Structures are given as structure tokens and as C-alpha cells.
Amino acid sequence: MNNETGENSNYFSQNLSFLKASYPSLYRDLHAVSGMPRFEKAKKGGLTIKLEGVYIESRFDPENESRKLFGKLQTRPAGFFVFLGTGLGYHINFLLEDEGAGGMLIEQSREIFRASLFIIRPDVLRRIVPFVGVDVKPGEIGALLTEDALVVSHRRSIQGRERYYSRAGSLIKNCIREIE
């Protein structure tokens with residue numbers, strides 16, 4: 001952790017407390033993560049990180065750019081979202097602004113997910129079922145999906161991990177077909 005996270009540290013501690021109580025195995029896995037990506041302050045506010053030479057979120061204005069990028073998806077009624085890749089979670093906060101909306105999150109990288117706990121609002125995290133650092137199985141996700149579930153990919157977060165996310169996406173589509 002570095003001092004760029006100052007005001008977001010409260011989110012982080014609340015999110016960790018929730019995970020400890022609700023997902024103890026994931027909580028232990030996150031504590032085993034040795035390093036934390038270095039946060040950088042974006043030019044217009046907000047935080048971003050750089051992993052493997054790629055900024056996970058905008059270096060200019062991550063929150064507003066996320067709103068622009070995912071804005072058209074918010075016009076649909078509150079529903080169920082499947083997030084492939086966490087990014088830092090700006091898009092998740094935005095899409096789950098409506099308290100009736102929920103979702104599941106599939107993230108291969110424990111490091112990215114752990115970093116996102118500084119950004120994802122605690123009230124939003126409580127409406128997400130996280131699958132982090134694991135291969136998802138039909139029995140685990142099938143019961144959570146609805147036929148109107150919307151799959152949302154965070155392009156920068158899945159970059160370099162396309163095979164994992166392609167497999168997860170195919171599995172989700174097959175589970176949704178079975179529901180219909």
C-alpha cells in the first residue's frame with residue numbers, strides 16, 4: 001500500500017471485513033498475496049495502477065471515462081451483471097449504482113482484485129459473488145445466472161489473460177442457454 005490510497009483505505013478495510021465474514025477462503029488467499037501494485041493518482045482524480053506495462057484504468061480520469069465507456073449499459077433496468085475482469089472496479093460501482101442490481105465477478109488475478117477493494121464501494125461488493133483466482137465451474141455459477149444476465153468485460157483487465165476469460169465466457173453462455 002502507498003499513500004496515494006489515503007481516502008480509499010476505509011473502503012479497503014470494510015471490504016476486507018466483509019470478505020473475511022462471507023468468503024473466508026478468498027480472504028485468506030488475498031492475505032497470501034505478497035505484493036500490492038503501486039497506485040498512481042490520475043490527472044483529474046481517482047487512482048490507477050500499471051501492471052505488466054499496461055494501465056488497468058485511465059491515467060486521466062478513470063471514474064468519468066468508465067461512465068462514458070459503460071454508460072449505455074446502465075440504461076437497462078436493474079439486473080444481474082457478470083463482470084469478466086475487475087479493473088479497479090469503477091465500472092462496477094457505476095453499473096451497480098441501483099441498489100436492486102447485483103452480479104458475479106470473475107477475476108483471474110488476486111492482485112488486481114485486491115487492489116480493486118480500494119475502489120469498489122462496500123455496499124456494491126456485498127451484491128457481488130466473487131470468483132477470484134479460480135477456474136469457475138458450471139455448478140457454481142449456473143444457479144446464480146438469469147437469462148437476462150449481461151456479461152461485461154473489462155478489456156484492460158483481461159488483456160494478456162484472454163484464454164482464461166474466453167473459457168469463462170463460453171461457460172457462462174452455455175449456462176444461460178440452459179436456463180432459456
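These are legends for several close-up views of a predicted model.

Local features are given where pLDDT is at least 70, and side-chain atom pairs only at pLDDT 80 or more, while totals for chains, interfaces and linings use all residues. Residues are numbered from 1 along each chain as its sequence is written, and side-chain values use heavy atoms, with hydrogens and water left out.

**View 1. Aromatic rings that pair up.** There are five aromatic pairs in the structure; rings of Phe, Tyr and Trp (its six-membered ring) pair if their centres lie within 6.5 Å, and planes under 30 degrees apart count as stacked, over 60 as edge-to-face and the rest as tilted. One of them is edge-to-face and joins Phe-18 to Tyr-23, at 6.1 Å centre to centre with 70° between the planes. Phe-18 is buried at 14% relative accessible area, while Tyr-23 is partly exposed at 24%. (Buried means under 20% relative accessible area, exposed over 50%, and partly exposed in between, using a 1.4 Å probe and protein chains only.) Phe-39 and Phe-118 also sit edge-to-face, with 5.2 Å between centres and 70° between planes. Phe-39 belongs to strand 1 (residues 39-41) and Phe-118 to the loop between helix 5 (110-116) and helix 6 (122-125), so this pair ties together parts 79 residues apart in sequence. Helices (H or I, at least four residues) and strands (E, at least two) are DSSP runs, numbered from the N terminus. Both partners are buried, Phe-39 at 1% and Phe-118 at 0%.

**View 2. The largest nonpolar core.** A nonpolar core is a set of buried Ala, Val, Leu, Ile, Met, Phe, Trp, Tyr and Cys residues joined through side-chain atoms within 4.5 Å. The largest has 35 residues, and those with the most contacts inside it include Leu-19, Phe-83 and Phe-113. Among the elements that each supply at least two residues of this core are helix 1 (9-22), strand 2 (47-51) and strand 6 (128-132). Zoom in on Leu-19 and you'll find that residues it touches include Pro-24, Tyr-27, Phe-113 and Pro-130, leaving aside those up to four places away in sequence; contact means heavy atoms within 4.5 Å.

**View 3. The buried side of helix 2.** Leu-26, Tyr-27 and Leu-30 are the buried residues of helix 2. They span an arc of only 105° around the axis, so they lie on the same side of helix 2; the arc is that of the directions from the helix axis to the C-beta atoms. Helix 1, helix 5 and strand 6 are among what covers them.

**View 4. Strand 4, wrapped on both faces.** Five of the five residues of strand 4 are buried, so the strand is largely enclosed by the rest of the structure. Phe-80, Val-82 and Leu-84 are on one side, with Phe-81 and Phe-83 on the other. Strand 4 runs parallel to strand 5 (residues 102-107), joined by five bridges, and parallel to strand 7 (residues 150-153), joined by four. Two strands pair if DSSP finds at least two bridges between them. Opposite Phe-80 is Gly-102 in strand 5, and opposite Phe-81 is Leu-150 in strand 7.
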